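Q: Please take me through this model feature by feature. I would like the general idea each time, then the case at hand.

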Amino acid sequence: MIMHKKTTLAACAAATFLLVACGGGGSGTAPTPTPTPAPLSTTALQGLWQSTATGTSTTAAIVLPDGRMWQAITDTSKSPTVTRLVKATFSGQSGSYTGTAKRYVMDDSGVAATSATVSATLVEKTSLSDTVTATGATDTYSLAYLGRYDTPAALTDFAGSWTATLGAGLVTWDISGTGGLTGSWIGGCTYSGQLSLRAERKAVVETAITETCGSAVRLLQGVGALTADKSHFTVFMTSSDEASASVLSLGH
């Protein structure tokens with residue numbers, strides 16, 4: 001089972017169309033309506049984002065045009081390292097972005113999921129600062145835009161055999177030139193699935209993978225992208241019920 005470290009997402013209004021005022025008529029001057037702020041588009045948030053590798057934690061994020069974000073935070077101050085995955089959905093109003101999220105802490109004890117809130121400020125295609133609040137703690141992360149996001153992904157770039165260390169053994173995925181995926185883990189799990197191109201044709205692909213470990217079957221869905229040199233493939237995924245999550249970096 002893919003887990004980080006541990007082996008194995010009104011009546012009054014209707015009257016307006018009839019030019020009838022709710023609450024009666026009259027010859028007085030109608031009040032000037034207060035304009036409702038237009039929703040702020042989340043499209044500007046999209047991209048591959050990564051922090052500078054300083055301090056005791058690094059972070060990387062994939063944000064889609066619809067405001068969905070997957071963000072992985074790796075804490076290197078602990079041995080072994082601890083990874084947290086934040087899966088959020090942003091909306092925008094009055095010049096700022098806010099949303100709800102689930103935060104998954106993945107360490108030797110397993111995967112623990114908690115509810116979270118998120119907020120973000122943005123300089124489009126330059127910098128992203130996001131704040132995550134969960135279980136009474138608030139953390140802020142600063143990320144820089146990676147320009148390779150604007151280069152469309154090609155499924156043939158993902159083709160080949162990929163491996164990653166999980167616990168005491170390797171997980172292996174074999175990906176075809178059309179995105180079909182099969183694989184196994186020495187601990188007894190098998191994998192099948194599909195990589196798919198997204199409508200906006202950027203560097204990100206969709207991932208849908210079925211993990212079978214004995215009688216336990218888990219559907220994992222998320223996003224992934226290649227590194228600049230195409231030597232590593234990173235995927236951020238959650239189970240279909242959002243009870244668990246996986247962060248995996250595979251290499252050739």
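Q: Is Ala159 buried, exposed or partly exposed, and at what relative accessibility?
A: Buried means under 20% relative accessible area, exposed over 50%, and partly exposed in between, with a 1.4 Å probe and protein chains only. Ala159 has 29% relative accessibility and therefore counts as partly exposed. This is a predicted model, in which local features need pLDDT of at least 70 and side-chain atom pairs count only at pLDDT 80 or more, while totals for chains, interfaces and linings use all residues. Residues are numbered from 1 along each chain as its sequence is written, and side-chain values use heavy atoms, with hydrogens and water left out.

Q: Where does Ala159 lie, and which residues does Ala159 touch?
A: Helices (H or I, at least four residues) and strands (E, at least two) are DSSP runs, numbered from the N terminus. Ala159 sits in the loop between strand S8 (137–146) and strand S9 (160–166). Contact means heavy atoms within 4.5 Å. Not counting residues up to four places away in sequence, Ala159 touches Ile175, Ser176, Gly177 and His252. Asp174 is 15 residues from Ala159 along the chain, and their C-alpha atoms are separated by 7.4 Å.

Q: What is the accessibility class of Pro152, and what does Pro152 touch?
A: Pro152 is also placed in the loop between S8 and S9. Its relative accessible area is 44%, so Pro152 is partly exposed. Beyond four places in sequence, Pro152 touches Arg201, Lys202 and Ala203.

Q: How much space lies in the second largest pocket, and which residues are closest to its centre?
A: Rolling a probe the size of a water molecule over the atoms shows where empty space is left. On a 1 Å grid over the protein atoms alone, a cavity is a set of points where a 1.4 Å probe fits but cannot get out; a pocket is an open set with protein on both sides within 12 Å along at least five of seven lines, and lining residues have an atom within 4 Å of a point. Grid points are joined across faces, edges and corners, and a volume is the space filled by probe spheres set on the points. Here the second largest pocket holds about 190 Å³. It is lined by 13 residues, and those closest to its centre are Arg148, Thr151, Ala203, Leu226 and Lys230. The lining divides into 8 nonpolar, 2 polar and 3 charged residues, where Ala, Val, Leu, Ile, Met, Phe, Trp, Tyr, Cys and Pro count as nonpolar, Asp, Glu, Lys and Arg as charged, and the others, Gly among them, as polar.

Q: What is the phi of Lys230, and what is that of Glu242?
A: Lys230 is not a glycine, yet has a positive phi of about 65°. Lys230 lies in the loop between strand S14 (216–226) and strand S15 (232–239) and, at 40% relative accessibility, counts as partly exposed. Glu242, also not a glycine, has a positive phi near 60°. Glu242 is in the loop between S15 and strand S16 (245–251) and counts as buried because its relative accessibility is 10%.

Q: How many disulfides does the structure hold, and which parts does the pair tie together?
A: A disulfide is a covalent bond between the sulfur atoms of two cysteines. The criterion is a pair of cysteine sulfur atoms within 2.5 Å. The structure holds 1 disulfide. Cys189 and Cys213 form it, with their sulfur atoms 2.0 Å apart. Cys189 lies in strand S12 (residues 189–197) and Cys213 in strand S13 (residues 205–213), so the pair ties together parts that are 24 residues apart in sequence. The link is right-handed, with 110° about the S-S bond. Both Cys189 and Cys213 are buried.

Q: What is Thr210 in contact with?
A: Thr210 is found in strand S13 and is partly exposed, with a relative accessible area of 27%. Leaving aside neighbours within four places in sequence, Thr210 is in contact with Thr190, Tyr191, Ser192, Val217, Arg218 and Leu219.

Q: Where is confidence lowest, and where is it highest?
A: pLDDT is the predictor's confidence in each residue, from 0 to 100. Confidence is lowest in helix H1 (residues 11–16), at a mean of 28, and highest in strand S1 (residues 47–50), at 98. The protein has a mean pLDDT of 85, and 83% of its residues reach 70 or more.
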